[in-house]
Amino acid sequence: MELKPTTFREALSATERQELLAELLELHARVLLRMPFFQLALIAAIGWMVLPDVPLLHFAEWAALALVAELMRAASAHWLLARLPGAATTRVYRGLVALDALAGLTLGIAALWFVPMIPLLTRVLLETTLFTVAAAGTAVTVSSALMFSAYSSTILIGASTSWILRVPQQ
């Protein structure tokens, strides 16, 4: 009696799993190449919100950190696309997940750094923007729950923590 596979993963051969991983990495890498443009627009929007109340140097430090994190993801994507499918390994996948977490963290830090200095209406707008970006991360990372969790949860941790610290009674 032959046992049937109980999961999708068990039904795939090692070669098929490698091909799926290569496809996942390629799709993610292609999106990451365009993300620095989105990041610049997001940095500009956040600057428009907070700069009247946040010192320019403070904002510039955060903006540089957020942009560098996104450029690291784009550079990794460029490197990966030149080496696919041979570079489609679990280690490369984990590296992209780590960079996704770093990029999300830099956005979440915006709330932690800026919320104590900005008025309530600006705070609500910033938090709403960050929650929207976390939700929009679904479009970039829809093919991997781990990539989505790494990016979105790190944004949400920063955004939620800043609100909790500022308004603990809520």
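Here is a short walk through this predicted model, from its overall build to the core inside it.

Let's start with the fold. The chain's secondary structure amounts to 7 helices and 0 strands, so if you trace the elements from the N terminus you will read α-α-α-α-α-α-α. Along the principal axes, the C-alpha trace spans about 70 × 40 × 20 Å. Among contacts between residues at least 6 apart in sequence, 79% join residues at least 24 apart.

The accessible surface of the chain is about 9,600 Å², and carbon and sulfur atoms account for 69% of that. As for charge, there are 11 positive and 11 negative side chains, with the centres of the two sets 3 Å apart.

Now step inside. Of the chain's 170 residues, 41% count as buried. The largest nonpolar core holds 43 residues, and the members touching the most others are Leu25, Ile46, Val50, Phe59, Trp62, Phe114 and Leu126. Two or more core residues come from each of helix H2 (14-32), helix H3 (35-50), helix H4 (56-83), helix H5 (90-114), helix H6 (120-141) and helix H7 (145-166). The largest share, 10 residues, is contributed by H5.

Which residues does Phe114 contact once its neighbours within four places in sequence are left aside? They are Ile46, Val50, Val54, His58, Phe59, Trp62 and Leu126. Select those residues together with Phe114 in your viewer to see this part of the model up close.

How values were computed:
Residues numbered from 1 in each chain as written. Predicted model: local features only at pLDDT ≥ 70, side-chain atom pairs only at ≥ 80, totals over all residues. Heavy atoms only, no water. Core = buried A, V, L, I, M, F, W, Y, C linked by side-chain atoms within 4.5 Å. Buried < 20%, exposed > 50% of the residue type's maximum accessible area, 1.4 Å probe, protein only. Helix = DSSP H or I, 4+ residues; strand = E, 2+ residues; numbered from the N terminus. Contact = heavy atoms within 4.5 Å. Areas by Shrake-Rupley, 256 points an atom, 1.4 Å probe, with all protein chains shown as cover. Lys, Arg positive; Asp, Glu negative; His and termini not counted. Charge placed at Lys NZ, Arg CZ, Asp CG, Glu CD.
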